[in-house]
Amino acid sequence: MKDTYSAPEIIVVAKTSAALRSPKGMPTVSAGPGAKVSGLNSLLKSGKLSLEPLFGDNEAAVRSVMSEPMMKHAGGETPDPGSYYVVSGEVKNPKKLIADLLNEESIEGAYLKPGGEPPVYREEGEANGMPAPTDSAPAPTPDFNARQIYLDAAPAGIDARFAWTKPGGRGDGGRVIDLEWGWNFSHEDLLANSGGLLDGSNSANNHHGTAVLGEIGGDHNGLGIMGIAPNAKLSTISFVTNPSAAAIRKAADRLGPGDIILLEIHRAGPRHNFQARDDQLGYIGIEWWPDDFAAILYATAKGILVVEAAGNGAENLDDALYSVRPAGFPQSWRNPFNRNNPQCGAILVGAGAPPPGTHGRNHGADRSRLGFSNYGSAVDCQGWGREVTSTGYGDLQNNSSNTQYTDTFSGTSSASPIVVGALGCVQGWLRAAGKPLMTPASARQMLRNTGSPQQDEPGRPVSQRIGKRPNLREIYGKLFPKPILKETLKEIKDKDLKEKDLKDHIKDVKEKEKEKDKDKDIKDFKEKDLKELKEKDIKELEKPIKEKDKEKDVFEGGIGGGVIRTPAEAASSEARLAALEATVQSLAQMLQLQGLGGQEHFIPEALRPLVGGGSDDGSQGQ
């Protein structure tokens, strides 16, 4: 059985100059001075149709919150969102209606948007429908989290288990809204942080949505699976009774900066003339359609992160085909898959292979592009596109509808929630630390700049870009770098310092980093100054020795006579002076090394002089 999908939509874009006004539910429209809408009203009346503002109850309200920030955020010209409408009513001949609409003076664009579908991938023979529960009194569910390798350390997983060890790393304080068709909110592993359905109707075919929620926020309750960001508040809005762009706008209105929207939808693109197919070939991410682009832009302009499935169409999104403006699209439209054009700011997610041998199966090199996944320069990152263990479907456990689990959730459907979960963990860290949250732009850049690299697979080279798999440990290191000491651990070990000396040494280095002025004084210490210091100190050290020696001197020949010492006394004095001079030389050399390279302040063994205690034969005393 095919998963639930949305019906096609007819989207109308009015000319801004027409100042069109279409009261909700009314069969007629009004316009500004000089604009003609009589023909449009006749067309609507004859078909018992109406134009519903796509982004709000009325055009003025939409423009007041969307136009200016959207235009600025996109980085280029975008249609006025207050001019978007969806045709409401039963349309008997869509092609004729669109042709007639395009002939109207007040209309800039009109197009038929294919129905949306979940971007789930299932091969022939895999479960697609809702398996009947096998036991009305199920046994307790075991713990399946060991099968969730995507939670493990990179590169196999995203290192969610590491994320959980840091404050806020379970998605604390964040909100996520999943946009698709159906969910089982009574599932035993989705009870702790469920916000339920916020808008629209819930489809009875709810496996897909249930699996998505399990990946992101499955409860950590000792049974079943574990979600990546279990402390985030998970809610949903349905496409069943909402046009896709309207659903996105409604989600954005319920969220704030740093929260996340997940778009679990793709649709047939121009490769096969926008025709629905069971194999999903040619399906693409929805930002390519002008109204969905505008809706996503509305969300990202508010600082909301939007994660979008790239689609399962096996398409190269860099193909020139996607820069050809379809008939009925507004003149201002530009291909959003070309990153040189205006951008909506969504994070586009491709599907990568899990590590070979996962669940006893092999889909190619780990992190290689799966054959069904769309690819191209617009794709920002990847998640697991096969073998995802989560809630729903029932191919892993099928005791009852509330205890169903899967081991084979697939597609850009399964890849995108992994990215959402990772972002939820990161935003949780930042909230807990009181730091600014990631913006749509910084989140996209972080996912591009970090992570486990895509790998080659015969026929699916890395040049077919799906990006990197997130690595939460690496991202944490970027956001919360450790203080860097001037000496590395290896250098400290090489100096063979005792534990106490090591602690003192580290303390001194930290003090030097805090007191830059003192560091500068040491670094500016000139060799000449050191020499003068040495000579001065030697003289000071010689004074008490000479005074003591004078007490032992024997004078002959009166005043001015020579100083007479025994041979043993003379040798002892000279040896002590030499030792003291060597000590000062070592001290000076140590200070010079410290000033130039930040070396440790202990005298190396090779430079330590023999100070007293020497035996007559020249060997060192004990």
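Buried, in this talk, means under 20% relative accessible area. The model I am showing is a predicted one.

Start with the cysteines. Cys 381 has a relative accessibility of 0%, so Cys 381 counts as buried. Cys 425 is also at 0% relative accessible area, and therefore buried. As for disulfides, the count is 0; a pair of cysteine sulfur atoms would have to lie within 2.5 Å to qualify.

Cys 425 brings me to a helix pair. Among the residues that α8 contributes to its contact with α10 is Cys 425. Helix α8 covers residues 412-433 and helix α10 covers residues 472-479. Their axes are 11 Å apart, at an angle of about 30 degrees. Angles under 35 degrees count as roughly parallel, so α8 and α10 are roughly parallel to each other. Their crossing is right-handed.

Which residues make the contact? From α8 they are Ala 422, Cys 425, Val 426, Trp 429 and Leu 430, and from α10 they are Leu 472, Ile 475, Tyr 476 and Leu 479. By class, the contact of α8 with α10 has 9 nonpolar residues, no polar ones and no charged ones.

Last, a residue in a strand. Thr 408 sits in strand β16, residues 404-409. Is Thr 408 buried or exposed? Its relative accessibility is 12%, and the cut-off for buried is under 20%, so Thr 408 counts as buried. Leaving aside residues up to four places away in sequence, Thr 408 touches Arg 122, Arg 361, Glu 387, Val 388 and Asp 395.

That is the last item on my list.

Methods: Residues numbered from 1 in each chain as written. Predicted model: local features only at pLDDT ≥ 70, side-chain atom pairs only at ≥ 80, totals over all residues. Heavy atoms only, no water. Buried < 20%, exposed > 50% of the residue type's maximum accessible area, 1.4 Å probe, protein only. Axes fitted to C-alpha atoms, helices over the stretch in contact; angles between N-to-C directions. Helix = DSSP H or I, 4+ residues; strand = E, 2+ residues; numbered from the N terminus. Parallel < 35°, antiparallel > 145°, perpendicular 65-115°, else oblique. Left-handed = near helix turned anticlockwise from the far one by under 90°. Contact = heavy atoms within 4.5 Å. Nonpolar A, V, L, I, M, F, W, Y, C, P; charged D, E, K, R; others polar.
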